[in-house]
Amino acid sequence: MILTTIIVLGCLGIIFGIGLAIASKKFHVKVDPKIEQIEKALPGANCGACGFPGCAGYAEAIVKEETEINLCAPGGEEVVHEIAKIMGIKASTKERKIAVIQCQSGGINNTFLKFENKGIETCQAALVLSYGQNLCEYGCLGYNDCVRVCPFDAITVDDNNMRIIDENKCTGCGKCVDACPKDLIQLIPISKKVNVLCKSLDKGKDAKIKCGNKTACIGCGICAKKCPVDAITIENNLAIIDYDKCVVCGICAEVCPTNAIIDKIGIHPQPRIIEEKCIGCTICAKKCPVDAIDGELKKPHKIDEDKCIKCGICVEVCPKDAIVTKKIL
Amino acid sequence: MEFSKLFAIIIGSIFINNFVIVRFLGLCPYIGVSKKLDSALGMGMAVIFVMTMASTITWLIYNFLLHPDTSIFGIDLTFLRTITFILSIAVLVQFVEMVIQKTAPALYKALGIYLPLITTNCAVLGVSILNINEQYNFLESIINGISAGIGFTLVLLLMAGIRQRLEFANVPKSLKGMPIAFIIAGCMALAFLGFSGLKI
């Protein structure tokens with residue numbers, strides 16, 4: 001009896017095994033090895049920031065449709081270089097973007113309530129009740145939909161129930177941008193550290209009264225006037241920074257009467273030219289957005305400190321590192 | 001007569017002896033995959049497919065290899081039923097997966113992960129063994145397989161629909177998540193018990 005069992009099961013196993021082996025050869029689907037390699041190189045977060053369904057979909061699109069290789073936000077530069085190696089093409093990286101919440105209200109202590117909301121505690125649900133409980137109808141609802149949707153735990157909540165985005169963890173995937181029903185979150189290049197943190201389109205007085213944090217943009221236009229590169233425009237009582245033009249000098253944040261514009265850099269140190277090092281190439285003078293550098297060819301340049309807006313562009317572009325910033329503490 | 005028996009099998013497998021709710025087979029995917037409607041639908045389709053195929057192949061194997069009266073060996077090997085069924089179902093699913101991947105990539109993508117997942121599901125083995133126990137003929141076995149799958153899908157979809165709404169319900173903290181899902185499963189089983197009064 002044992003023998004028959006062994007024989008029957010053994011034969012069955014062998015037949016099935018051979019059948020599967022043949023089938024796997026016959027029905028083999030050829031997959032481009034590049035797709036697998038790229039999929040391995042991608043971070044595997046399946047966040048969808050690239051616009052394709054998951055990392056596998058993006059890998060396939062790169063190989064088959066020659067999609068751009070720099071769309072992966074979480075992977076950053078490293079991944080772009082790796083994919084470039086696999087595909088044999090030149091890498092071109094984009095500047096990393098991070099999410100910025102453009103509202104300083106929404107916490108426990110800094111929000112005026114229209115009514116007490118005892119409904120479902122999500123922003124989506126709160127929106128249905130006459131645009132939410134925040135007196136400012138453009139303001140944050142404070143139910144942390146963005147925190148829940150973030151796949152990288154980059155958004156945390158502090159004691160005051162305010163959302164804080166960790167710049168190191170944020171990959172710019174844009175999930176929170178879609179999740180925010182008030183459209184308060186925007187993806188901004190990481191170097192552009194001066195942001196208007198208000199979205200209120202109300203007229204000046206209304207906006208100021210409704211904002212629980214007293215930091216509403218009242219559309220006064222002082223920032224637009226003071227901006228040395230004309231990067232700020234006022235549309236519908238709201239200042240909007242054109243980040244292509246912005247040189248991150250922080251003047252708008254200084255002059256803003258309501259502190260609606262926040263400069264995350266804080267203190268901008270005054271750049272200074274070390275004359276021994278300067279070779280007089282005039283690059284800094286050409287790049288200076290306010291023509292504060294007096295640059296004759298082959299002679300040491302000078303910075304006009306009255307004109308200078310301390311944006312720091314000259315420090316970056318100087319090929320000889322002849323411009324340094326003295327820190328004012 | 002033939003048709004009325006088939007009809008009885010269909011109604012019986014879908015409602016009266018529903019695999020999940022009345023026979024308590026395949027409870028793992030019932031709780032695990034019933035969080036979202038679309039994944040429940042994908043799972044349900046894969047189960048219908050595999051149950052039908054499994055009923056077919058296991059009936060053939062049982063009657064031509066194992067049963068003493070009809071098999072080609074002429075000896076009683078029915079005690080090997082469970083192990084051969086598991087083996088052949090696993091092989092079958094693997095084979096079908098390969099064929100689908102080659103011939104119908106769209107279907108392969110739709111079934112996705114669920115196809116290999118249910119290879120070792122007890123509901124699939126259950127339907128094969130029940131076919132033998134009830135002494136169904138070939139056609140009846142296939143019909144039983146399909147309708148068992150439909151019954152599974154029906155209950156899975158109902159559960160997914162309820163659980164999606166539950167997400168927004170004000171459930172007491174201690175009952176949130178799995179506990180309330182189990183309570184609802186119990187309520188559904190009670191409701192389905194009402195069908196057992198049907199006489200066909």
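In this predicted model, 14 residues of chain A are in contact with 14 residues of chain B, contact meaning that C-beta atoms placed from the backbone lie within 7 Å.

Local features need pLDDT of at least 70 and side-chain atom pairs 80 or more, while totals for chains, interfaces and linings use all residues. Residues are numbered from 1 along each chain, and chains are lettered from A in the order written.

Chain A has twelve helices and twelve strands. These are DSSP runs numbered from the N terminus: helices are H or I with at least four residues, strands E with at least two. Of its 329 residues, 35% are buried, with 20 or more other C-beta atoms within 10 Å of their own.

Now a hairpin in chain A. Strands E6(A) (residues 232-235) and E7(A) (residues 238-241) pair antiparallel over four bridges; pairing takes at least two DSSP bridges. A:Ile232 bridges to A:Ile241. Two residues separate the strands, and A:Asn236 in the turn has a positive phi of about 50 degrees.

Turn to chain B. The axes of H4(B) (residues 81-103) and H7(B) (residues 122-133) come within 10 Å and cross at roughly 130 degrees. Axes are lines fitted to C-alpha atoms over the stretch in contact, with angles from 0 to 180 degrees between N-to-C directions.

Technical notes
Two residues are in contact if their C-beta atoms, placed from the backbone, lie within 7 Å. A residue is buried if 20 or more other C-beta atoms lie within 10 Å of its own, exposed if 12 or fewer, and partly exposed in between; C-beta atoms are placed from the backbone.
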